[in-house]
Structure formats: structure tokens, C-alpha cells
Amino acid sequence: MKKGSSIFAIFFIAILITLIGKLLVAEAVACKIAELTPCADAIISSKPPSASCCAKLKEQKPCLCGYIKDPKLKPYVNSPNAKKVAKTCGVPFPKC
């Protein structure tokens, strides 16, 4: 194998391992709306979100578009208060 081909192969394998690792992490999140229960009070009453709410919101970030697309959940997840909670927690609100 030529030196250039070896470097390309190593580079390709490194990228592949990185992508597979990210996919496995994304799949590890269980998308269950009940996981966001710590945020219910902040979303419903406009109270500041708790640390546990922010932690769960960050954990559930890959699931937010799925929640928004669910007609039963959309009014809550897409509400102004929910967006405010996400902003306060430092979680960018997704554009789905």
C-alpha cells in the first residue's frame, strides 16, 4: 500500500468510528415524554426550571422533534413557556 493510501484509510476509519459512536449515543436516549416530568411545573406555570429539568431537557434534546410532531404533545412542547424553559436551560429549540 502506498503512503497516501494508508493515510486515507486511517482517516476514513477514524471518521467511521466517530460517526458510529455518535449514532450509538443518539440511540441510547429513550424518547419518553415522561422523562420531562421535572419540567412540567416550569412549562405550565412559568416558574424557572429546576436543575433536574434542565438535565432531562438536555438528555431528551434528540427527541424534541418527535415530540413536536406528535399532535397530542405539540401544544405543550411547542408552547412559549416550553421555549422559554429550553432557552433558560441552554438547549436550542429545534427547527423540525
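# A tour of the disulfides and a helix pair

Begin by selecting Cys31 and Cys63, which are joined by a disulfide with an S to S distance of 2.0 Å. The coordinates on display are those of a predicted model. The torsion about the S-S bond of Cys31 and Cys63 is about -75 degrees, so this disulfide is left-handed. Cys31 belongs to the loop between helix 1 (3-28) and helix 2 (40-45), and Cys63 to the loop between helix 3 and helix 4 (64-69), so the pair ties together parts that are 32 residues apart in sequence.

Next, select Cys54 and Cys89. Their sulfur atoms lie 2.0 Å apart and form a disulfide. A value of -70 degrees about the S-S bond makes the link of Cys54 and Cys89 left-handed. This pair links distant parts of the chain, with Cys54 in helix 3 and Cys89 in helix 6, 35 residues apart. Cys54 is buried at a relative accessible area of 15%, and Cys89 is buried at 5%.

To see the contact, show side chains for Cys53, Cys54, Leu57 and Lys58 in helix 3, which meet Val85, Ala86 and Cys89 in helix 6. By class, the contact of helix 3 with helix 6 comprises 6 nonpolar residues, no polar residues and 1 charged residue.

Now move to Cys65 and Cys96, whose sulfur atoms are 2.0 Å apart in a disulfide. The link of Cys65 and Cys96 is left-handed, with -90 degrees about the S-S bond. Cys65 lies in helix 4 and Cys96 in the segment after helix 6, so the pair ties together parts that are 31 residues apart in sequence. Cys65 is partly exposed, with a relative accessible area of 24%, while Cys96 counts as exposed at 51% relative accessibility.

Finally, select every cysteine sulfur. A search of the whole structure finds 4 disulfides. With bonded cysteines counted along the chain, the disulfides follow the pattern 1-5, 2-3, 4-7, 6-8.

How values were computed
Residues numbered from 1 in each chain as written. Predicted model: local features only at pLDDT ≥ 70, side-chain atom pairs only at ≥ 80, totals over all residues. Heavy atoms only, no water. Contact = heavy atoms within 4.5 Å. Helix = DSSP H or I, 4+ residues; strand = E, 2+ residues; numbered from the N terminus. Nonpolar A, V, L, I, M, F, W, Y, C, P; charged D, E, K, R; others polar. Disulfide = S-S within 2.5 Å. Buried < 20%, exposed > 50% of the residue type's maximum accessible area, 1.4 Å probe, protein only.
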